[in-house]
Structure formats: structure tokens, C-alpha cells
Amino acid sequence: GGAAATVGGVATDITLSSLASSGAAGDALSLALGAGSSFTVTGATTLSGMGGNGIDLSGSTGGSFSFGDVDVTGLGSGTGLNLAGGDATVTMASLDVTGTDAAGSRGIDISGTQNGRTVTITNGGTISGVDTGIVLGSNGAAGAAPSANFTFGGGSVSGNTYALDGIGVVAGNGSYAFGSTAFTGGFNFAVRPPNNYYVAATPTGTGDGSSADNRASTAHALA
């Protein structure tokens, strides 16, 4: 039991075949790597019953991270994948996050990310049992506008308060693609910043892209 790894403050390149953690008091996996450093798990990453975050990359300053399939279960009030304020390039084959419905919990948080790094979850996954499924801009909190090229490649995302919290996203500052992902729960886009255009795999509402309730189809957006 306990944390799988805590790595930071050193220049390193680490490659593991698999990774597991159960019952960590804090974060199950905490990595704070700088430019030129990398952390790779070629196989499965299985994290359960942690007291903090599943994977915390928020302290990274340019590091690169690559994972196979990632499974986070028993998440309490933390975040499954925490990139808030971080500067990291991330690739995952898939990410499943199952929480305990704790207040304040988040499946993924990319608020305040820096330098337009690529964050790709190739096959998406399932996020459930959390307060907010995916946080892009942390409800407009100061300094929390994201800067990332983020892709969640399908699956499903649900949130007890919001499935997707996008307040604070700045048009043109990164990109955020969800492909065929199905969302269950509210969308927090209460204020539409100029030039934002809302897109889904299939259109919703009027389909004119004016709001989260009226998303245009991907085909229309690319036409």
C-alpha cells in the first residue's frame, strides 16, 4: 500500500512496465519534472483509494509523460489527473476515473496549464462519481485560464455538479477536443466569451455553435 512514486527536483528519464498504488495517504503518483526529463509507463497504471490526487503533474515545468491505460478508483475529494497550473506534455492510451462522489472532486483539471503543451488521452475513458468531470478554466478563477492542446478521444464524462467546467477559457489559447465523448451533467459556460464556438460529434439544440446547448457538428465546423 501507499504512494506509487513521488519524483521532483531532479533531471531524469524513467521507464516502467507497469505501476500500481493502493491506499496512499496523499497523492498516489506525484511527478514534478522539468524540461528534458521524462516519465513513461508502457503498461497499465492502477491507482486506488488515495487520500489526495490520483496523478499530480501540477508542479511540472516542461516535463514529458507517457502512460498506457490508467485506472483511478476510490478517488475522494482530489483530482484523478491534476495538471492545474502545470507545464507538461502528456500522452495516455486511456484514463478511467471513478470517484466516491465527494464534494470538490474532479476527474481531470487542466486549469492554468502553461505554454500550449499537448495533453492527449487517445481513447478517452470513463469519468464518474466526481463533482466535476473535466475542469478547463476553474470557473473563472484568477490566473486559471488553460493553455493546452487537449484531446479526450471518446468514452463518457459525468459530474454531479458539472460534466464540463469551461468558464475562464480564452478563445485561441489552446484547443480542446472531445470527439465522440458522451457527457452527463451540466456544462458551466454561463458566459460566452467572444469568438468561442461550441462543437460536438453530433449537433445539439439549434446547432449554430453559439453555446454549449447549441453545439455545431464537427463536420459543420470543419466545412
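Biologist: Which residues is Ser-158 in contact with, leaving aside its neighbours within four places in sequence?

Modeller: Please note that this is a predicted model. Ser-158 belongs to strand 16, which covers residues 155–158. Leaving aside neighbours within four places in sequence, the residues in contact with Ser-158 are Ile-127, Ser-128, Gly-129, Val-130, Gly-133, Ala-163 and Thr-184.

Biologist: How far apart in space are Ser-158 and Gly-129, C-alpha to C-alpha?

Modeller: Gly-129 is among the residues that Ser-158 contacts. In sequence the two are 29 residues apart. From C-alpha to C-alpha, the distance between Ser-158 and Gly-129 is 7.5 Å.

Biologist: What share of the contacts in the protein with a separation of 6 or more lies between residues 24 or more positions apart?

Modeller: The protein contains 1 helix and 22 strands. Among contacts with a separation of 6 or more, those between residues 24 or more positions apart make up 75%.

Biologist: Which residue of strand 14 is the bridge partner of Ile-108?

Modeller: Strand 11 (residues 106–109) and strand 14 (residues 132–135) run parallel and are joined by 3 bridges. Strand 14 also pairs with strand 17 in the parallel sense, over 3 bridges, and there Thr-132 stands opposite Tyr-162. For Ile-108, the bridge partner in strand 14 is Ile-134.

Biologist: Which residues have the most contacts inside the largest nonpolar core?

Modeller: The largest nonpolar core has 43 residues. Strands that each supply at least two residues of this core include strand 8 (61–75), strand 10 (87–99) and strand 12 (117–121). Beyond its neighbours within four places in sequence, Ile-108 has contacts that include Leu-81, Leu-95, Ile-121, Phe-150 and Phe-152. The residues with the most contacts inside the core are Phe-67 and Ile-108.

Biologist: Is Asp-87 buried or exposed?

Modeller: Asp-87 forms a salt bridge with Arg-117, with the closest N and O atoms 2.5 Å apart. Asp-87 lies in strand 10 and Arg-117 in strand 12, so this pair ties together parts 30 residues apart in sequence. Arg-117 has a relative accessible area of 30% and is partly exposed. The relative accessibility of Asp-87 is 7%, under the 20% limit, and therefore Asp-87 counts as buried.

Biologist: Which residue forms a salt bridge with Asp-109?

Modeller: The count of salt bridges comes to 2. Asp-109, at 3% relative accessibility, counts as buried, whereas Arg-106, at 23%, counts as partly exposed. The closest N and O atoms of this pair are 2.5 Å apart, and the salt-bridge partner of Asp-109 is Arg-106.

Biologist: What percentage of the residues of the protein count as buried?

Modeller: The protein exposes about 8800 Å², of which carbon and sulfur atoms supply 50%. Of its 223 residues, the share that counts as buried is 47%.

Methods. Residues numbered from 1 in each chain as written. Predicted model: local features only at pLDDT ≥ 70, side-chain atom pairs only at ≥ 80, totals over all residues. Heavy atoms only, no water. Core = buried A, V, L, I, M, F, W, Y, C linked by side-chain atoms within 4.5 Å. Buried < 20%, exposed > 50% of the residue type's maximum accessible area, 1.4 Å probe, protein only. Helix = DSSP H or I, 4+ residues; strand = E, 2+ residues; numbered from the N terminus. Contact = heavy atoms within 4.5 Å. Salt bridge = Lys/Arg side-chain N within 4 Å of Asp/Glu carboxyl O. Areas by Shrake-Rupley, 256 points an atom, 1.4 Å probe, with all protein chains shown as cover. Pairing = 2+ DSSP bridges.
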